Amino acid sequence: MTSPLFPLFADLRGRTVLVVGGGTVALRKVTALLEAGARVRVGAPQLLPALAAWAEQGRIEHLDGAFRPQWLDEVWLAIAATDDAAVNRAVAAAGEARRVWVNVVDDVHASSFHVPARVERGPVQIAISSGGGAPMLARHLRETLETQLDESLGELAHLLTRERARIRRHYPDLGARRRFFERVLAGPIPALLREGRFDDAQRAFGVALIDDKPDTLPAGSVALVGAGPGDAGLMTLRGLRVLNEADVILHDRLVSAEVLALARRDAELVEVGKQAGNHHTTQDRIHELMLEHARAGKRVVRLKGGDPFVFGRGGEELEILADAGIAFEVVPGITAALACAAYAGVPLTHRDHAQSLRVVTAHLKDSADALDWQSLAQEKQTLAVYMGVSGLDVLRDKLIEHGRAASTPFALIENGSRRQQRVVTGTLANLAERAQGHRVQSPALLIVGEVAALAQRLHWFGDAPLTDVVEYETSGSTAFAAAA
Ligand code: SAH
């Protein structure tokens with residue numbers, strides 16, 4: 001099944017639901033259905049004593065004997081919970097014919113709906129599905145959430161439900177209402193509820209509602225957020241939270257779809273992507289957009305690949321904001337050098353091979369002469385070169401000219417940390433040829449230095465490096481040489 005299941009929460013109050021089967025599984029289902037307010041019919045030749053007692057008290061209706069399709073008459077939902085697969089399938093088939101949703105316990109394929117694993121906090125319910133294929137995983141997630149979500153979440157939901165109409169009257173504007181909610185959630189009320197001080201919480205809520213004048217134009221702000229190299233798991237928790245509060249997200253092209261999918265659904269997404277030689281949006285226009293939205297009271301997130309302060313022009317953007325008197329914050333991200341090194345198995349420093357790391361950019365056409373090649377060419381240091389795909393021949397020539405050995409290893413990492421990651425290794429001498437030979441494309445990060453050769457032994461993510469370097473052991477220490 002390739003399409004995902006469509007989640008929904010069903011209101012079963014007063015609606016008839018059929019459970020076929022009279023054993024322990026059926027009892028569990030009947031219990032949950034009664035809790036949800038359903039009118040439960042149980043069809044089975046035999047009932048557990050607990051079910052039989054309920055039937056006697058009239059809490060459930062009992063249909064005796066073997067399953068008959070007529071049992072599904074006037075039924076909204078059915079659950080087949082017998083231990084006889086043929087009976088279960090007959091229920092599913094009869095349900096299908098009558099357009100009644102049927103769940104067959106422990107049979108994904110026969111079911112037209114699944115019952116999710118769930119976490120309950122009062123009226124708040126979190127339903128978890130693995131698509132039916134990995135119920136143990138769903139169960140595991142449920143256990144994790146159970147430990148993370150405080151019991152008082154239910155009380156909070158009750159309070160907000162009670163006050164809903166009053167909140168809406170006070171804050172007819174959606175944006176203002178959201179900010180009010182955030183103030184409430186960030187304030188003392190959740191803690192009061194956690195401590196069981198319900199009356200105090202209610203009082204605090206009343207005060208918050210009256211004290212906070214409905215702010216017609218809240219102060220806008222900009223958060224400069226590093227999205228990391230692409231894998232959403234490499235974004236920080238703070239970055240994620242800020243992203244969740246954003247009204248407008250101005251993002252680079254480098255920011256992956258996976259990360260953007262984490263943004264609040266109703267946030268406005270604007271791509272202001274820039275690519276070497278292909279400027280979609282000029283830097284000035286980006287500045288304008290930030291100012292415009294922030295001045296309109298929006299919470300703007302300027303989302304950048306990697307880290308905003310590493311070749312991200314974050315500094316320039318903050319200067320503009322500071323001049324305009326707009327509040328800002330910066331959330332760092334995992335920069336490409338760190339991510340690519342980690343995902344290629346290249347330690348950037350190493351007691352034996354590299355005592356320092358230099359982070360440089362290689363827009364070499366314009367700036368080759370401005371760089372201090374003498375110091376860049378020193379041994380036992382690692383160079384992490386950003387934006388380097390086009391100037392590799394210049395880089396090689398300059399480094400060798402200034403004394404770096406032609407046999408110095410390199411690792412060129414394309415799409416680092418992403419599924420499509422490729423790592424090309426070699427020595428400085430054949431850097432440009434190998435990059436061309438493998439048609440390495442942007443985004444790619446170049447690591448030059450003795451440590452790059454370790455990728456052969458330490459790679460762990462994706463495919464093995466494409467290599468022409470061999471590594472051999474000499475009396476305890478590792479040495480490297482170009483293959484013949
Ligand atoms: N602020 C970003 C860098 C922006 S400059 C950061 O901190 O990572 C863009 C350059 O970053 C690209 O040309 C490439 O050299 C590098 N880069 C960014 N993401 C990358 C990735 N996933 N894999 C390889 N290189 C990447």
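This is a predicted model: local features need pLDDT of at least 70, side-chain atom pairs count only at pLDDT 80 or more; totals for chains, interfaces and linings use all residues.
The ligand comes first. It is surrounded by 19 residues, and the closest are Val310, Thr335, Met387, Gly416 and Ala444. Sorted by class, this shell has twelve nonpolar residues, five polar ones and two charged ones. Two domains contribute to the shell: domain 3 (221-334) and domain 4 (338-458) each give at least three residues. Among secondary-structure elements, helix 14 (336-344) and strand 19 (444-448) each supply at least two residues of the shell.

On the backbone side, a polar atom of Pro229 is 3.3 Å from a nitrogen atom of the ligand, and a polar backbone atom of Asp307 is 2.8 Å from an oxygen atom of the ligand. On the side-chain side, an N or O atom of Thr335 is 2.5 Å from a ligand oxygen. The ligand taken alone exposes 540 Å², and the protein buries 93% of that area.

The next feature is the largest pocket. Its volume is about 2200 Å³. The lining is made up of 48 residues, and those nearest the centre of the pocket are Phe113, His114, Val115, Pro116 and Ala117. By class, the lining has 27 nonpolar, nine polar and twelve charged residues.

Which elements supply this lining with at least two residues each? Two helices are on the list, helix 1 (24-35) and helix 4 (135-148). The strands on it are strand 4 (77-80), strand 5 (101-104), strand 6 (117-121) and strand 7 (124-128). Helix 1 provides the largest share, with six residues.

Two backbone details remain. Most residues other than glycine have a negative phi, and most peptide bonds are trans. Asp106 has a positive phi of about 60°, although it is not a glycine. Asp106 sits in the loop between strand 5 and strand 6, and both of these strands supply residues to the lining of the largest pocket.

The other detail is the peptide bond between Ser442 and Pro443, which is cis, with omega about 0°. Pro443 belongs to the loop between helix 18 (431-437) and strand 19.

Technical notes
Residues are numbered from 1 along each chain as its sequence is written. Side-chain values use heavy atoms; hydrogens and water are left out. A residue is near a molecule or strand if one of its heavy atoms lies within 4 Å of it. A polar contact is a pair of N or O atoms within 3.5 Å; within protein, one must be able to donate a hydrogen and the other to accept it, and residues adjacent in sequence count only if both atoms are side-chain atoms. Accessible areas come from the Shrake-Rupley method with a 1.4 Å probe; for residues, only the protein chains shown count as cover. Helices (H or I, at least four residues) and strands (E, at least two) are DSSP runs, numbered from the N terminus. Ala, Val, Leu, Ile, Met, Phe, Trp, Tyr, Cys and Pro count as nonpolar, Asp, Glu, Lys and Arg as charged, and the others, Gly among them, as polar. Domain bounds come from an automatic or database domain assignment. On a 1 Å grid over the protein atoms alone, a cavity is a set of points where a 1.4 Å probe fits but cannot get out, and a pocket is an open set with protein on both sides within 12 Å along at least five of seven lines; lining residues have an atom within 4 Å of a point. Grid points are joined across faces, edges and corners, and a volume is the space filled by probe spheres set on the points.
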